[in-house]
Amino acid sequence: MKKNNNLFIILLGIVLLASCEKPEGALYSGESNKVGFLGSSINLPMSSESLKVPIGRTSTEGDFSVSVDLSAAGTGYTNVFKAGQAQFSAGSGKTYVEVTYSNLASIDPSTLSVSASGMDVNVGLAYPFTLSVADDVASPAAMKKINVLAANTLEFESAGTAVLDSRAGWWGGETEDDFLTPEIHKAKGVNVYKLISPFYFNNFAFMIKSDNTIICPNQIIYDFGSSGYGPVTMGTVKGTYYPTEKKVILQVGAYTVAAGSFGGGTEIIYLP
């Protein structure tokens, strides 16, 4: 019964800390100045120059600081994301680990998120990493590590005019005179591009990864309207970028409407 009572006290301490900005008590009623994160995972928007991850400690006495380690599976992530110390002020049992980041263009995000917004698309990227504290400073009543998913919404600016060879793709054509010349926008700081109404309908976006492969999620590129087949989705796309020619080749698995598929094709984009 005593063991159960102690467990209840530990769990109650975690709940109280998680629900209060400035908890008066500790994470648990054990050794002072042990620390722990308030959950196993957290999603944070990249809306400023740094990310703030909450962390608690087992007492509120005196100033206290502890080092926080940052690790990630993504290549180059630890060069871009840097974690500061957790610094507690006297009287406070909670603070934030500040994670700064820079040069996102040097690493690949885990995903490219694309959602339709009228004729446009909203595009975002996600970057996962883990924060942890050493065993000798970790509280047994809380998490010694936390998985962080940092996500941003990209801002685009005009990058000039692209050339779109769709002779073997959606638009068709016979000669170079049939090439299209849509405006192209580039995201600030990362190699993500958006073609503006390439087929005189919806915009679509794609990302060039560091190994020159392409991420291009399924997207609507055309719409026959209510009198025809309806929206056309360009899907199951694989691609490669050839930097010497500034050429993007998209191998489209299928152009699909509600009634079925028009088959696949190839879209070739020459960047400005």
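**Note on loops, salt bridges and a surface patch**

1. Y200 is found in the loop between strand 15 and strand 16, strands being DSSP runs of E with at least two residues, numbered from the N terminus. Phi of Y200 is near 65°, a positive value in a residue other than glycine. Y200 counts as exposed because its relative accessible area is 56% (buried is under 20%, exposed over 50%, partly exposed in between, with a 1.4 Å probe and protein chains only).

2. The model is predicted, with residues numbered from 1 along each chain as its sequence is written. Local features need pLDDT of at least 70 and side-chain atom pairs 80 or more, while totals for chains, interfaces and linings use all residues; side-chain values use heavy atoms, without hydrogens and water.

3. S197 lies in the loop between strand 15 and strand 16 (204-208), the loop that also holds Y200. S197, not a glycine, has a positive phi of about 45°. With a relative accessibility of 28%, S197 is classed as partly exposed. The backbone at S197 and at Y200 therefore deserves a look, given the positive phi of S197 and of Y200, the latter an exposed residue.

4. Where does V190 lie in the chain? V190 belongs to the loop between strand 14 (183-187) and strand 15. This valine is buried, its relative accessibility being 6%. Its C-alpha lies 9.4 Å from that of K209, a residue 19 positions away in sequence.

5. How many salt bridges are counted? The count is 6 (a side-chain nitrogen of Lys or Arg within 4 Å of a carboxyl oxygen of Asp or Glu). One of these contacts joins E98 to K52, at 3.9 Å from N to O. E98 sits in strand 8 (residues 94-101) and K52 in strand 3 (residues 50-57), so that this pair links distant parts of the chain, 46 residues apart. Both side chains are partly exposed: E98 has a relative accessibility of 37%, and K52 one of 46%.

6. Another salt bridge pairs K194 with D120, with an N to O distance of 3.1 Å. K194 is in strand 15 (residues 192-196) and D120 in strand 10 (residues 120-132), so the contact ties together parts that are 74 residues apart in sequence.

7. Is D135 buried or exposed? D135 is exposed, since its relative accessible area is 58%. K144, at 38%, is partly exposed.

8. F224, Y229 and F262 make a nonpolar surface patch of about 300 Å². Such a patch joins nonpolar side chains (Val, Leu, Ile, Met, Phe, Trp, Tyr) within 5 Å, and like charges within 9 Å, from residues with over 30% relative accessible area and no salt bridge; areas are Shrake-Rupley values with a 1.4 Å probe, and for residues only the protein chains shown count as cover. F262 is located in the loop between strand 21 (260-261) and strand 22 (265-270). With a relative accessible area of 41%, F262 is partly exposed.

Definitions and conventions
Helix = DSSP H or I, 4+ residues; strand = E, 2+ residues; numbered from the N terminus.
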